[in-house]
Amino acid sequence: MIPFPISEATPITYAGPLPSEADVVVIGCGVIGVCTALFLAEAGKRVVLLEKGRIAGEQSSRNWGWIRQQGRDPDEIEIVKEAQKIWRDLATKTNVDIGLTQGGTTYLAHTQSEMDGYRAWMDSVKAHDLDSRMLNAAEVSELIPNMSGNHIGAIHTASDMRAEPWVAVPALAGIAAQAGAQIVENCAVRALDMTAGRVSGVVTEMGVIKAPEVVLAGGAWSALFLRNMGVSIPQLSVRSTLAATQPLPVVQMGGVADKKLAFRARTDGGYSLASGGFAELFVGPDAFRALPKYLTQLRADPFGVRLSPAAPKGFPDAWGTPRSWADDDISPFERMRILNPTPNSQKIHDLCARFERMFPHLGPVRLKSAWAGMIDTMPDIVPVMDRVATLPGLTVGTGFSGHGFGIGPAAGRILAALATGREVGHDLTRFRLSRFSDGSAMRLGPAI
């Protein structure tokens, strides 16, 4: 099989040098960090974007590639609608085909309970004027011909889109660089530089950059970075396994999912396959600390996550990973440049078998590639986008819970606005950091 396209062997595109100062430093070259740097650069700010490994080396290149409104938390809807507009605009600013396609999103239902859940979600987002609609069994068959299974209906949003993550995010980085962002790969940020109780820059493995504002978009590593700075957030990371097939006849141009299988068409003619409702948590120190915050989620879906006793060496929540280190120490971020979990081989087999059963006329499914990623998740399944009160000068965007790729461009614009004191254009109450410490009841995002 073909190896995953981004690894530590990938040539460094942006090698530096490291500047001595900036207006804003952004930590993390996933889709959130790249888009934050892009909007800061377009606003005329001197912005430095730092990545410990390679651009989009982790979850931002390993996700499903869906740019969806369907199934979102109501408070995310207007943000993702903005993101879709930005995606279309950005696709015209690069000569790279990022695979941006409006193919729609379809969630299949096997039971009346699932149909009721879809209707409840549609009721919750009525104010947002989406084109989502309920389908009966006959309409599902018309939308996706030759599909086997006992589906009784579905919910479908025709305006949803998709793109190829491992192509799209590096292309967005190219747009940010053209706008003036200075990008440095293979340069880990060890800690914040603090002066008189507020952020004054960052300490990297290559030296110090002075800056009055820092944006942390570290994905699965954000909680570990913050813990070293004295801030605790209940973010965990779960493993998601994906597979890519060799080219097959077209069965549907958009994204389709039920509780066992999710698939979408790829620009190479194959399909990306994933599990519709399955993830794996490696239990470590943070999992024990955060457990009380996750009880609501566990009660709502007790079998949605499989527990494994220990993370591989060097993972953010591995038992042996340091939780604190000095500025002049080699940090965990340098010891693991790219978080590259091994995919679940049994799950890959199951995904292919389910796809074959769903579309028996296609014949045997031949694999092109398989990989896994670590999804940064929060107890209520929505992200944090906020300033950090105890570390003035720091803005955090993390915990996007598998929703980050699609919403990324708008989230980046929001974080850039937060870091520079400009109007964000959305109510961010739902995404405040303090919701985990101010006694607020845990309100889960949609589980459809």
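Residues are numbered from 1 along each chain as its sequence is written, and side-chain values use heavy atoms, with hydrogens and water left out. Because the model is predicted, local features need pLDDT of at least 70 and side-chain atom pairs count only at pLDDT 80 or more, whereas totals for chains, interfaces and linings use all residues.

The structure holds 15 aromatic pairs, where rings of Phe, Tyr and Trp (its six-membered ring) pair if their centres lie within 6.5 Å, and where planes under 30 degrees apart count as stacked, over 60 as edge-to-face and the rest as tilted. The ring centres of W221 and F333 are 5.8 Å apart and their planes stand at 80°, so this pair is edge-to-face. The pair links distant parts of the chain, since W221 belongs to the loop between β13 (213–216) and α7 while F333 belongs to helix α9 (residues 332–335), 112 residues apart; helices (H or I, at least four residues) and strands (E, at least two) are DSSP runs, numbered from the N terminus. Both W221 and F333 are buried, a term that stands for under 20% relative accessible area, with exposed meaning over 50% and partly exposed in between (1.4 Å probe, protein chains only). W221 and F333 also form one aromatic cluster together with F225 and W325. An edge-to-face arrangement is found for F263 and Y271 as well, with 6.0 Å from centre to centre and 75° between the planes. F263 is buried, with a relative accessible area of 1%, and Y271 counts as buried at 1% relative accessibility.

Grid points are joined across faces, edges and corners, and a volume is the space filled by probe spheres set on the points. The count comes to 5 cavities of 30 Å³ or more.

The largest cavity holds about 570 Å³ of space, and of the 42 residues that line it, E58, A217, G218, G219 and A220 are the closest to its centre. The largest share of this lining, 4 residues, comes from β20. By class, the lining of the largest cavity has 20 nonpolar, 15 polar and 7 charged residues, with Ala, Val, Leu, Ile, Met, Phe, Trp, Tyr, Cys and Pro counted as nonpolar, Asp, Glu, Lys and Arg as charged, and the others, Gly among them, as polar.

The second largest cavity holds about 150 Å³ and is lined by 14 residues, of which A220, L236, S237, P316 and D317 lie nearest its centre. Its lining has 10 nonpolar, 2 polar and 2 charged residues.

The second largest pocket has a volume of about 340 Å³, and among its 19 lining residues S232, I233, P234, L433 and F436 lie nearest the centre. Helix α8 gives the most to this lining, with 4 residues.

Key: 1 Å grid on protein atoms, 1.4 Å probe; cavity = no way out; pocket = protein on both sides within 12 Å on 5 of 7 lines; lining within 4 Å.
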